[in-house]
Amino acid sequence: MNDYYADLGVARDATADDIKKAYRRAARKLHPDVNPGPEAEEQFKKVSQAYDVLSDAEKKRSYDMGADPYAGAGAAGFGQGFSFSDVMDAFFGAGAGAAQGRGPRSRQSRGQDALVRLDLDLVDAVFGAEKDLTIDTAVGCSTCHGEGTQPGTGTRTCDVCQGQGQVQSVQRSFLGQVMTSRPCVNCQATGQVIEAPCYECSGDGRVRTRRTLTIRVPAGVDTGTRIQLAGEGEVGPGAGPAGDLYVEVAVRRDERFQRQGDDLHATLELPMTAAALGATVPFETFDGEQELDVRAGIQSGEQIRLRGLGVTHLRGSGRGDIVVHAMVATPSKLTSEQEDLLRRLAALRGEEKPTGHIADPTDGSIFGKLRDAFKAR
């Protein structure tokens with residue numbers, strides 16, 4: 001019998017991880033590309049054969065009981081059950097040969113995530129809301145319960161891969177004979193073949209349907225906010241675990257308010273007399289009608305702030321404000337009596353022949369206020 005433990009330099013009670021590490025060290029040292037020569041090549045084949053036996057639980061058990069699978073065969077190289085993925089592991093780390101696959105894969109897999117859009121009114125973004133959302137998605141097949149087979153039937157072992165899910169082939173290379181594995185296309189690498197696919201889902205284990213969800217939209221969301229609903233996406237093949245559903249919010253344009261951050265901006269048009277004398281005017285908000293105090297002498301572009309009546313903060317407590325921009329309306333048509341009154345007012349104020357002046361846009365003049373007001377809008 002060959003002494004595979006000595007060939008790899010490990011103890012007989014070595015763990016699977018110890019065996020793999022020892023093989024990697026030896027493979028890097030003895031590979032023909034690194035250490036050319038007949039002696040190194042022969043030793044490389046020996047450690048490869050040793051790893052092939054000790055890394056396989058069944059072969060290792062037989063070897064420990066006195067049965068050497070390669071007794072009398074010498075160094076078998078890669079042609080006698082040694083997988084090319086093990087070479088990949090040796091040089092590039094564990095998992096490098098994972099693409100080759102080992103053993104059949106599950107027929108089940110996780111479903112895809114889904115993204116849908118939800119249109120909201122601004123009031124729903126301010127306070128939050130519960131909304132019904134109808135989506136087209138994949139759900140588990142109720143006829144076969146995800147098995148993919150017609151009721152009363154089952155699966156059989158794949159004739160091509162003999163239930164392994166992989167098809168192996170041996171090729172010659174500069175390393176000797178190399179065994180490579182590829183997924184079996186006959187059974188999609190599952191090792192099992194469905195003889196009578198379910199007539200409802202055609203063997204996929206899931207069907208498409210339309211369903212309605214009731215979701216809670218938190219207060220403070222804005223256009224572009226995404227809400228994640230775990231496990232509400234598409235069910236995977238074979239009725240595998242569902243993916244997640246992402247709901248992207250789009251807030252509709254409001255006729256009265258424009259949102260900036262968590263503040264709501266609005267424009268209030270005031271008669272010239274109310275602006276000059278001051279007034280208390282009703283102002284409709286999402287919280288109901290409020291009384292808005294307009295100070296005497298207010299100018300166009302000046303702001304009145306209603307605190308705590310804006311959008312709820314999405315993260316944290318409290319709400320933004322409502323910012324009201326005043327716009328003084330100058331009458332365009334006057335009766336003769338009204339015109340006479342205004343002329344008398346102009347005379348009392350010494351404004352019969354107004355000169356006017358160009359305002360500095362950097363100061364707090366009406367020009368600057370109007371500019372800032374329109375920027376805010």
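Predicted model: local features only at pLDDT ≥ 70, side-chain atom pairs only at ≥ 80, totals over all residues.
**Notes on salt bridges and aromatic pairs**

1. Arginine 307 counts as exposed, at 64% relative accessibility (buried is under 20% relative accessible area, exposed over 50% and partly exposed in between, with a 1.4 Å probe and protein chains only).

2. Numbering starts from 1 along each chain as its sequence is written, and side-chain values use heavy atoms, without hydrogens or water.

3. Through shared partners, salt bridges join Asp263, Arg305, Arg307 and Asp321 into one network. I would start a tour of the model there.

4. How many salt bridges does the count come to? The count comes to 24, and one of them joins arginine 210 to aspartate 136, with the closest N and O atoms 2.9 Å apart. This pair links distant parts of the chain, 74 residues apart: arginine 210 sits in strand S7 (residues 206-217) and aspartate 136 in strand S2 (residues 129-140). Arginine 210 is exposed, with a relative accessible area of 59%, while aspartate 136 is partly exposed, with 49%.

5. Next, please have a look at arginine 156, which forms a salt bridge with glutamate 195; here the closest N and O atoms are 3.4 Å apart. Because arginine 156 lies in strand S3 (residues 155-157) and glutamate 195 in the loop between strand S6 (192-194) and S7, the pair ties together parts that are 39 residues apart in sequence. Arginine 156 counts as partly exposed at 31% relative accessibility, whereas glutamate 195, at 57%, counts as exposed.

6. Turning to the rings, a search of the whole structure finds three aromatic pairs (ring centres of Phe, Tyr or the six-membered ring of Trp within 6.5 Å; planes under 30 degrees apart are stacked, over 60 edge-to-face, the rest tilted). Among them, phenylalanine 257 and phenylalanine 283 are edge-to-face, 6.3 Å centre to centre with 75° between the planes. Phenylalanine 257 lies in the loop between strand S9 (245-251) and strand S10 (258-260), and phenylalanine 283 in strand S12 (residues 279-285), so the pair ties together parts 26 residues apart in sequence. Both phenylalanine 257 and phenylalanine 283 are buried.

7. Why is the pair of phenylalanine 257 and phenylalanine 286 tilted? The ring centres are 5.3 Å apart and the planes lie at 50°, so the pair is tilted. With phenylalanine 257 in the loop between S9 and S10 and phenylalanine 286 in the loop between S12 and strand S13 (288-294), the pair ties together parts 29 residues apart in sequence. Phenylalanine 286 is buried, as is phenylalanine 257. Viewed together, Phe257, Phe283 and Phe286 form one aromatic cluster.

Definitions and conventions
Salt bridge = Lys/Arg side-chain N within 4 Å of Asp/Glu carboxyl O. Helix = DSSP H or I, 4+ residues; strand = E, 2+ residues; numbered from the N terminus.
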